[in-house]
Amino acid sequence: MTAHRPLDLPASLLCHPTTPGPADTRLSVALAATQRDAIRGLELIYTLEGPLDELTLPAPAPPGPADGLWQHTCFEAFVGVSGESAYREFNFSPSGQWAAYRFSHPRQ
């Protein structure tokens with residue numbers, strides 16, 4: 001069984017400034033803590049609203065890891081501990097593919 005504990009209300013997000021979407025596109029993310037048996041985690045729920053037919057979305061692919069998703073359509077999450085330079089970056093594509101990276105310092 002999975003337990004969910006909301007941590008915050010949905011937060012509004014902005015498209016990356018070099019690749020903006022249609023003007024009336026709205027993007028938000030909600031965050032919840034999860035626990036399944038003894039394993040704790042986070043769940044991110046992205047919501048994209050607007051003229052989705054104006055977006056170029058990747059075709060469905062078998063779910064699994066893929067590199068370079070950050071170079072095109074994906075949702076990103078950066079997770080770290082306040083005061084520490086190490087962090088993790090997660091990329092989630094509408095295709096079903098994903099990527100996870102661990103960095104010791106912010107990328108330049």
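Strands are taken here as DSSP runs of at least two residues, numbered from the N terminus, and in this predicted model the strand β6 supplies the largest share of the lining of the largest pocket, namely 5 residues. The volume of the largest pocket comes to about 950 Å³. Its lining comprises 33 residues, of which Cys15, His16, Leu27, Cys74 and Phe75 are the closest to the centre of the pocket. Two or more lining residues are given by each of the elements β3, β4 (39–49) and β6 (75–80). By residue class, the lining of the largest pocket divides into 22 nonpolar, 9 polar and 2 charged residues.

Serine 12 lies in strand β2, which spans residues 11–13, and because its relative accessibility of 71% is over the 50% cut-off, serine 12 is classed as exposed. When residues up to four places away in sequence are not counted, serine 12 is in contact with Leu27 and Ser28. Between serine 12 and threonine 47, which are 35 residues apart in sequence, the C-alpha to C-alpha separation is 9.5 Å.

Serine 28, by contrast, is placed in strand β3, residues 26–36, and its relative accessible area of 18% falls under the 20% cut-off, so that serine 28 counts as buried. With residues up to four places away in sequence again left out, the contacts of serine 28 are with Pro10, Ala11, Ser12, Leu13, Ile45, Tyr46 and Thr47.

Note on methods
Residues numbered from 1 in each chain as written. Predicted model: local features only at pLDDT ≥ 70, side-chain atom pairs only at ≥ 80, totals over all residues. Heavy atoms only, no water. Helix = DSSP H or I, 4+ residues; strand = E, 2+ residues; numbered from the N terminus. Buried < 20%, exposed > 50% of the residue type's maximum accessible area, 1.4 Å probe, protein only. Contact = heavy atoms within 4.5 Å. 1 Å grid on protein atoms, 1.4 Å probe; cavity = no way out; pocket = protein on both sides within 12 Å on 5 of 7 lines; lining within 4 Å. Points joined across faces, edges and corners; volume = space filled by probe spheres on them. Nonpolar A, V, L, I, M, F, W, Y, C, P; charged D, E, K, R; others polar.
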